Amino acid sequence: MRIPAHSVCTAIRDDIVSGVYERGGRLTEELLARRYGVSRVPVREALRTLEAEGFVVTRRHAGACVAEPTEREAADLLEMRLLLEPLGASRAAQRRTEAHLKVLRGLVRLGRERARRGHSDDLHSLGGWFHETLAQASGSPTLTSTLIRLRHKIGWMYEVRGTRDPVECWAEHGAVVDAVVRGDGERARAVMALHTERAAAAHRLRFGAGAGRADRAARAEGVRDAQHPVNTPILRS
């Protein structure tokens, strides 16, 4: 496997997120350079970047290792996403370009079609593309990079379980885009907040004793979610 030197960081990060490298496992420059077909220089630079992002730690006598996040750190990530995703949607309603709208509409159309037909294999990647494009539409490079990094780390620390209807999920995506098209920042924020809360309820920790607690909390959240207050935004496909 040979990749461009500038993509080494992305490749290592993707392999950490997908579980190729276990938590706490050593990351030696020589082996990484051999795996990705590059010299040790870009590997060293990539490890520094990944350490700054929280995916890698440097340990005395061991060198670079995959980080071992705590349950509290994992919970903080979901809470940050609950705060920042609605902000990004609100900003997108104010700053989006026609190019952003074209991509977002196309993704919603494709996602709804695949969801209706029960083609769930690529809905996860389509959803990631949707959220990344929406973040880019916010017009804030800092917010965009933060949201993308959050999604990577949440995907690493959590798995998604549950029975959320993909048709309903993509209806929510469509409602967000409708608000963005109209330039309605408050509506975009409200719909995205509801969407993010529902998505968070389906996340389960991949590690630690908190995984069991997350199951119980998610079931409780599901009960609360079923009892919407009268002013909860109604989403229609």
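A salt bridge is here a side-chain nitrogen of Lys or Arg within 4 Å of a carboxyl oxygen of Asp or Glu. By this rule, the count in this predicted model comes to twelve salt bridges. Local features need pLDDT of at least 70 and side-chain atom pairs count only at pLDDT 80 or more, whereas totals for chains, interfaces and linings use all residues. Residues are numbered from 1 along each chain as its sequence is written, and side-chain values use heavy atoms, with hydrogens and water left out.

**Within helix α5**

- The side chains of R117 and E113 meet in a salt bridge, at 3.4 Å from N to O.
- R117 and E113 are four residues apart in helix α5 (residues 98-117), so about one helical turn separates them; helices are DSSP runs (H or I, at least four residues) numbered from the N terminus.
- R117 is exposed, at 57% relative accessible area, while E113 is partly exposed, at 28% (buried is under 20%, exposed over 50%, partly exposed in between; 1.4 Å probe, protein chains only).

**A network of shared partners**

- Salt bridges that share partners join E29, R40 and R44 into one network.

- R44 forms a salt bridge with E29, with the closest N and O atoms 3.1 Å apart.
- This pair links distant parts of the chain, 15 residues apart: R44 lies in helix α3 (residues 40-53) and E29 in helix α2 (residues 29-36).
- R44 is partly exposed, with a relative accessible area of 32%, whereas E29 is buried, at 19%.
- R151 forms a salt bridge with E85, with the closest N and O atoms 3.7 Å apart.
- R151 in helix α7 (residues 141-157) and E85 in helix α4 (residues 71-95) are 66 residues apart, and the pair links distant parts of the chain.
- R151 is partly exposed, at 24% relative accessible area, and E85 is buried, at 3%.

Terms used
Helix = DSSP H or I, 4+ residues; strand = E, 2+ residues; numbered from the N terminus.
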